[in-house]
Amino acid sequence: MDSFCGGGTTLLACKHAGVNAHGFDILPFSVFLSNVKTKEFDIENLKETNKKFGEINKWTTPSSALPDILLLKKAFNKETEQQLLQIKEQIMQIEDVETRDFFNLGFLSILESVSNTSKSGGFLRIVDRNIQVEEIKNLFLDRIQKMIIDVDSYKKINGQAKTEVRAFHGDAREIPTTNMYDAIITSPPYPNRHDYTRIYALELVFDFVKDNDELKKIRYDTLRSHVEARQKYEVNGYKIDPTLKQLINQMEKNGVNNPQVIDMLKGYFEDMYLALLEMSSHLNKNGKVALVVSNVRFAGINIPVDEILSEIGKQAGLKPKGIWLARYRGNSSQQMKTYRRTPSRESIVIWEK
Ligand SMILES: C[S@@+](CC[C@H](N)C(=O)[O-])C[C@H]1O[C@@H](n2cnc3c(N)ncnc32)[C@H](O)[C@@H]1O
């Protein structure tokens, strides 16, 4: 089980290894992405549909419109928007659900490259990209072609999968299932202020939310790993970790650029306690948890997220079994100016039930 399944990496690896797996994520786009990546497809159907798309050279005026959201106006010029809607409307006419989802994922995956936005450093930046509208269709068809090659070669190597692998919409602090699992492999958001509802805003507003209010609602409901998330669940029976308490005192004393970061950190570990509690209650006896997480640094102070979580796991009924070093990650260019190069540890925290 992966309660923060994101891009579906754990689920895909499970399918590859012949292991049944379930994933959950709060972003509907992640759930869609994970499900499409792990599905079985009829290759001939995909190739045939791609050929039909290639033959279209006259588009009808789109009958739909994008939601009235400022970001979309900045992201796409009028011609690009028109061409994207035309492709989208053609995709919606594909009858076979699996094939339609496959083409829709290909479509969503080119949005950034045909927009005036760029996913960088945890934000969606506005950039100037000089998009040639005539190129969009070919870009889309090339992407679909590459995806077909991926699916085809995967099938040739692995044959028909016999596993049950699926992603569901859900919150890791209240997993919507009564199933029990033998192992949990997951990677929660890191407390580094990245807001996934902004990073994936284009994909979300194109297909999964109808307006800015719906997008904001998801933003407020995500784990408190960024300053805009709000407390969603009451936290009972949790005691703040002494190391964390000491580091927060130090941050308060030194002062931080954005004081909201302190509340964010407190909230992050409360939410992770709830997420670990949920993992523990859905894990069979002797089952293991492997959680990939990165340490973070604010105002020059290193927060050992891995060690703090390892301890909090005990409060959630999990026995710490070790912290494996995965790699070191560089700090942001902003922090680099003041604190020079001080990489943070990215680790895999292990527990047993
Ligand atoms: C670090 S990503 C996961 C990366 C993933 N392991 C992968 O391979 O792509 C964290 C994910 O947690 C999701 N998330 C944030 N808050 C959540 C919550 N309360 N419950 C479930 N998922 C949440 C985000 O939408 C994001 O997809």
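What share of the 353 residues of the chain count as buried? The share that count as buried is 49%, where buried means under 20% relative accessible area, exposed over 50% and partly exposed in between (1.4 Å probe, protein chains only).

## Basis of the model

This is a predicted model, in which local features need pLDDT of at least 70 and side-chain atom pairs count only at pLDDT 80 or more, while totals for chains, interfaces and linings use all residues. Residues are numbered from 1 along each chain as its sequence is written, and side-chain values use heavy atoms, with hydrogens and water left out.

## Overall form

The chain has 14 helices and 10 strands, which are DSSP runs numbered from the N terminus (helices: H or I, at least four residues; strands: E, at least two). With a radius of gyration of 22 Å, close to the 20 Å that the globule rule gives for 353 residues, the chain is as compact as a globular protein of that length; the radius is taken over C-alpha atoms, and the rule is 2.2 Å times the number of residues to the power 0.38. Along the principal axes, the C-alpha atoms fill a box of roughly 65 × 45 × 35 Å.

Leu33 lies in helix α2 (residues 28–37), and Leu33 is buried, because its relative accessible area is 16%. Although Leu33 and Gly287 are 254 residues apart along the chain, their C-alpha atoms are separated by 27 Å.

Glu48, by contrast, belongs to helix α3 and is partly exposed, with a relative accessible area of 40%.
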